[in-house]
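Subject: Two-chain model for your review

Dear colleague,

I am handing over the structure below, and I would be grateful if you could read it alongside the notes that follow.

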Amino acid sequence: MKAITTFFRQPWLFAFAAAIAVWIATAAFTQGQGAGEVLSVAFTFATFFVIVAIGQMFVVTLGPGNVDLSIPATMTLAGTVSMKIMDGLNWMILPGYLIAVAVGVVVGVLNVGLIRVLRIPPIIATLSSSFIIQSAAIWYNRGLRVKPPTMLADFTTAKIAGMPILALLVILIAAVMHVVLNRTIYGRTVIAIGQNARAARLAGLEVNRVRFLTYVMCAVFAASCGYVLAGFSGGAALNMGQEYLLASVAVVVIGGTSVAGGFSNIPGLWGAALFLFLLVTMLNTFGLGAGVRLLLTGLIIIAVITLAGGSRSSER
Amino acid sequence: MAHTLKRIFVTVGVLPFLLLAALVIFTLASDNFLTVQNLTNVVRQSVYLVIVSLGQMFALLTGGFDLSVGTTLAITSVVGALTMSTVAGMAPDMAWLAIVVGSIGGIAAGATIGVANGIGVAVFGVSPFIMTLGISSVGFGIALYLTGGTPVYGMPQTFGDVFGFGTLWGVPVPIYFAVLLIIVVWLIVNWTRLGRYFYAVGGNTKASTLSGINTKGVLFVTYIICATLTAIAGMLLTARLDTGEANIGASMPLESIAACIIGGVSLRGGVGRVENVVLGALFIVLVQNGMNLARIESYLQTVVLGGLLILAVIADRIRIRMMASLQD
């Protein structure tokens, strides 16, 4: 009995439970055929969701109104710039990645500049900067599709016993970020700002510096995702970031992080990312199209937020 | 001289200056810009953005915003076109019946999006950002599902001829709709009790609740008005395109928010004027038209839009500061 109540107090467990349920439903539909492959593919794609969602989660945790809408554009710009500079050369992989990170840093500084110096609300600031970033990507790339270095392509698609290496790496990163969030001054400050920004400032916390770091970090995660995704899919495409805006918000929210800020959960990101991808797989197996997928994603986000918001207000 | 300029800037805002600058620059850049034909064209093209921006203004006035206006356009267009072509198929002789039933169906479908947003924001207290983002995914999903991704044909010829391309006394028909809606919205916002409530709720939600305003009701109505206005624009756009499409209006959320902000609507709610929003929308379409005539590439055009948006926000801040200094 106690186990059950503990379970219900941990909303992020729902994400894992839902992911497993959807996987079993898919496996049952195909009578167990390819269930292992489905899981392996799910881990591959969930990895990309998780990378951007970690950054988005830190931003969302900063409190109401904080969200980064420039993630898709940042992914596209970092992907195109790094692929073009690497020009398919294996020895350029590391410099290429550093360039992607640099793109992320520039975007993050641009966002914070708009938010802090010009005092534009984050949603509008990141929305307008995303148009500038996306235009930069179009201008830089001019429709060319440069192939990634072969070693990068091999690395992003490699698997050990069915488990993608990239997924293992991102699980490790997620674990590190979990510690950063819960056991470092930086992480605790992010949570404190989200719960009460004024109180955090009065308590002497470095609110502005932490906000700055968080937006830059989010952009760097988005840029890294653009880099590995471009490596994975054989080159950068101008629309490669498109579905990651809704996905990043969805993964954060379904994973049990509060949209109002101040409460976040990293393990839930993995549960939610797997759930979203397995849901798509299930709908595809059942023969339903893109329309139903978008519809369900939207409905699930709204449902989760409405339920989460309702339960918190009743607790107080 | 400098003082007079400052006074004008504080009273009317940055928009008239931007409009003037755009007119001068584009007249110099292209011979075809400052012609009656082109300017009529600009006004006709801007009808859709003007109407959507009016709706968006309501959402911004109450301190929220509506990211689902693009989806509302899509749903309206798809449902309206499907209904119209079905009715037209059943009763081919009665084109006007099909047009009326189809338009009502489309606008009702669009308004439903507003009801959904309203329930989420007003009743459950979900943040407008997440609610309208989620709903825009749901709505776009429905639109894709209904059409299977292909445009809807088969509407009566009359519909496009009258509401898309028709003219009355030399003025395109859509402009009459826009003018009528501008007047209606202006009357609602400035001369009705409900209209003032939008400002009150956006200015200070708590104070308005304590003064006895039904804040939740006002918020609920806000999103329905926004969606209904957008839906009307959606039907007009469908008439212009002669097809129902799921992917119209993708750029509408940003453009309508930009039009409002350039028109001086505050993102924090409670501040904004109808006539300036109309000018803001006109300005955006004017700049797009001018850039097309000057053969500026499309990726640069989005940079310009983003830049103008940021510029408008900065100008607004300077204006507030100057206002304070002039009062001293």
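In this predicted model, the side chains of B:R273 and B:E275 meet in a salt bridge with N and O 2.9 Å apart, where a salt bridge is a side-chain nitrogen of Lys or Arg within 4 Å of a carboxyl oxygen of Asp or Glu. B:R273 counts as partly exposed because its relative accessibility is 48%, and B:E275 is also partly exposed, with a relative accessible area of 31%; on this scale buried means under 20% relative accessible area, exposed over 50% and partly exposed in between, with a 1.4 Å probe and protein chains only. Over all chains the structure holds two salt bridges. In chain A, A:E206 forms a salt bridge with A:R209, and the closest N and O atoms there are 3.7 Å apart. A:E206 is partly exposed at 44% relative accessibility, whereas A:R209 is exposed, its relative accessible area being 51%.

A word on conventions: residues are numbered from 1 along each chain as its sequence is written, while chains are lettered from A and ligands numbered from 1 in the order in which they are written. Local features need pLDDT of at least 70 and side-chain atom pairs count only at pLDDT 80 or more, although totals for chains, interfaces and linings use all residues, and side-chain values use heavy atoms, with hydrogens and water left out.

Turning to the interface, 31 residues of chain B are in contact with 32 residues of chain A, contact meaning heavy atoms within 4.5 Å. The area buried between chain B and chain A is about 2800 Å², and carbon and sulfur atoms give 86% of it; buried area is the accessible area (1.4 Å probe) that two parts lose on being put together, summed over both. B:I130, B:Y299 and B:I310 supply 20% of the area that chain B buries against chain A, which is more than any other three residues. Across this interface the rule finds zero salt bridges, and it also finds zero residue pairs in polar contact with both residues at pLDDT 80 or more. A polar contact here is a pair of N or O atoms within 3.5 Å; within protein, one must be able to donate a hydrogen and the other to accept it, and residues adjacent in sequence count only if both atoms are side-chain atoms.

On the side of chain B that touches chain A, α6 (128-147), α12 (252-262) and α14 (298-327) each supply at least two residues, helices being DSSP runs (H or I, at least four residues) numbered from the N terminus. The largest share of that side, 13 residues, comes from α6(B). Its residues divide into 23 nonpolar, five polar and three charged, with Ala, Val, Leu, Ile, Met, Phe, Trp, Tyr, Cys and Pro counted as nonpolar, Asp, Glu, Lys and Arg as charged, and the others, Gly among them, as polar.

Within chain A, helix α11 (residues 207-232) has 26 residues and reaches 37 Å from its first C-alpha to its last, close to the 38 Å expected at 1.5 Å a residue, the expected span being 1.5 Å times one less than the number of residues. Because 20 of its 26 residues are buried, α11(A) is largely enclosed by the rest of the structure, and it is followed by A:G234, whose phi is positive, near 75°. A:T74, in helix α4 (residues 71-86) of chain A, counts as buried at 0% relative accessibility. A polar atom of the A:T74 side chain lies 2.6 Å from the backbone oxygen of A:S70, and, leaving aside neighbours within four places in sequence, the residues in contact with A:T74 include A:G104, A:I133 and A:A219.

In chain B, helix α5 (residues 95-123) has 29 residues and reaches 41 Å from first C-alpha to last, close to the expected 42 Å, and α5(B) is followed by B:G125, whose phi is positive, near 70°. B:K216, which lies in helix α11 (residues 215-241) of chain B, is in contact with B:A122 and B:V123 when its neighbours within four places in sequence are left aside.

With best regards
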